[in-house]
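Subject: Structure for you to look at

Dear colleague,

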Amino acid sequence: MTNSPIKQTPHLAPATTAQSDHQLRSPKSNRGLRKLQSAHQLSSNYAALNSPSLISQQRQQQQRNTSSSHNNQAPQIPPLPDLSSHHRTRSNSDAVVPNAPSNAAATKRVAASKKIAPNQNPREELEGLVRQGPQGDVPAELSRLRHLVLCEGLYADSDGMSQIRIYVWLILLNAPAISTDSYLDLIRRGASPAYSKIRNDTFRTLATNPLFKRRVSEASLIRLLNAVAWKLHDAKVEKLTEPTMVNAANERGSPELQHASPIIKHAQGPPTTTATDGSEAGGTEPGIYVQGMNVLCAPFLYAARSEAEAFVAFHGFITKECPGYVRGAMDGVHRGLALVDKCLAIVDPKLSSYLQSKHMKAELYAFASVLTMCACTPPLPEVLQLWDFLFAYGPHLNILCICAQLVIMRETLLTSPSPTKLLRSFPPLQAKLIVEITVSNLRKIPADIYEELVHHAE
């Protein structure tokens, strides 16, 4: 009696044609027919695998030994599996592979596969740098990554979504990896001292942008800002309670160094901020939340694939690249506004003189653009493209990007009797044109002014 194909194991060969025809002509039910088809699919898929199981290897070896006595022909290479079908096949990671190459040969082959082909297109080269990492000189590879971002840009769809953008940002910002549990621990702590101020801002974050509203929820924005507030709060408390060395006199009248407790530190100079409200922080003390951080955070959430990725990128950005922007006094933002006036006078003296004659200083029209790195100006895909450039060559160049937007509006501003109305809201961003003008104007900036640009957000 012939066994039914339904009971056959996947490693057995398919049934003969006569048996299959006999069973296919009289299935007992539709369910039996589906089982029959499933058995044939499993057996055929398994025959196509490159790495069969150990039991199957032994049986195949016995069959080859038997047939080799009759025919010494070379064994046939099994066909590649059909990638178009979505049938899952068994993993063979634990199978013993006959004639396996040595570790040295395997390592050499993997290293060779990571090398970038000389005729590789820029998009593949960029993705290779991100996925495989540097293959030698790290500064040179990082410089190559920046150059590709500037000249080729990151591939993205019409909504500005790119599979590698957040990872390019994390590399350029030198943001360390963080476990999801670390982020969740901050979430579980509940409302931060700045929670009420966060809630007052989040509902109006990019409120008129349908792309952002469709992808990022207000709850996600609240969670991330609240977690960042806790992180900044902990750093500030740790700084306040950190013991310091002070001079004290002993019984002989000679000074000696002693550890100062937090009480002594507060007696020497009370902090300009409290640990419960970072938005009221003074000019020298870091805050935990200031108005505008919600807009500055939005592109990170939009581009990231998870809140944890957005958290580590945003926290690293505001603490390393622009800590002066998130202090209560926003001293870094005000220095940036003064630099907008200085740089505009250098790159376009006529336009600068005209705006000054109308009493139009940067403080009146460029505050939001400086604070949010132009994220307040739509469309969002252009913001992401502009941020690619800023993260590659430094967020301090945002000042020159604002000047570039003014240069684009030059003719309209010079012919307008009231430029104030035109500058209430900037025209839609044109990232590529802004970057071209910025790179061109960069050559006109003196070394001392450029040094101010680099350090103004610290």
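Of the 458 residues of the chain, 39% count as buried, where buried means under 20% relative accessible area, exposed means over 50%, and partly exposed lies in between, with a 1.4 Å probe and protein chains only. Please keep in mind that this is a predicted model, in which local features need pLDDT of at least 70 and side-chain atom pairs count only at pLDDT 80 or more, while totals for chains, interfaces and linings use all residues. Residues are numbered from 1 along each chain as its sequence is written, and side-chain values use heavy atoms, with hydrogens and water left out.

The chain holds 24 helices and two strands, which are DSSP runs numbered from the N terminus (H or I of at least four residues for helices, E of at least two for strands). Among contacts (heavy atoms within 4.5 Å) between residues at least 6 apart in sequence, 72% join residues at least 24 apart.

The axes of α7 (residues 165-172) and α13 (residues 293-303) come within 8 Å and cross at roughly 125°, the axes being lines fitted to C-alpha atoms over the stretch in contact, with angles from 0 to 180 degrees between N-to-C directions. The two helices are therefore oblique to each other, since angles under 35 degrees count as roughly parallel, over 145 as roughly antiparallel, 65 to 115 as roughly perpendicular and the rest as oblique. On the α7 side Arg165, Ile166 and Trp169 take part, and they meet Pro299, Phe300 and Ala303 of α13.

The C-alpha atoms of Leu429 and Pro378 are separated by 6.2 Å, although the two are 51 residues apart along the chain.

Finally, the cysteines: with a disulfide taken as a pair of cysteine sulfur atoms within 2.5 Å, the count comes to zero. Cys401 is in no disulfide, and the nearest cysteine sulfur, that of Cys374, is 6.2 Å away. Cys401 is buried, with a relative accessible area of 0%, whereas Cys151 is partly exposed at 45%.
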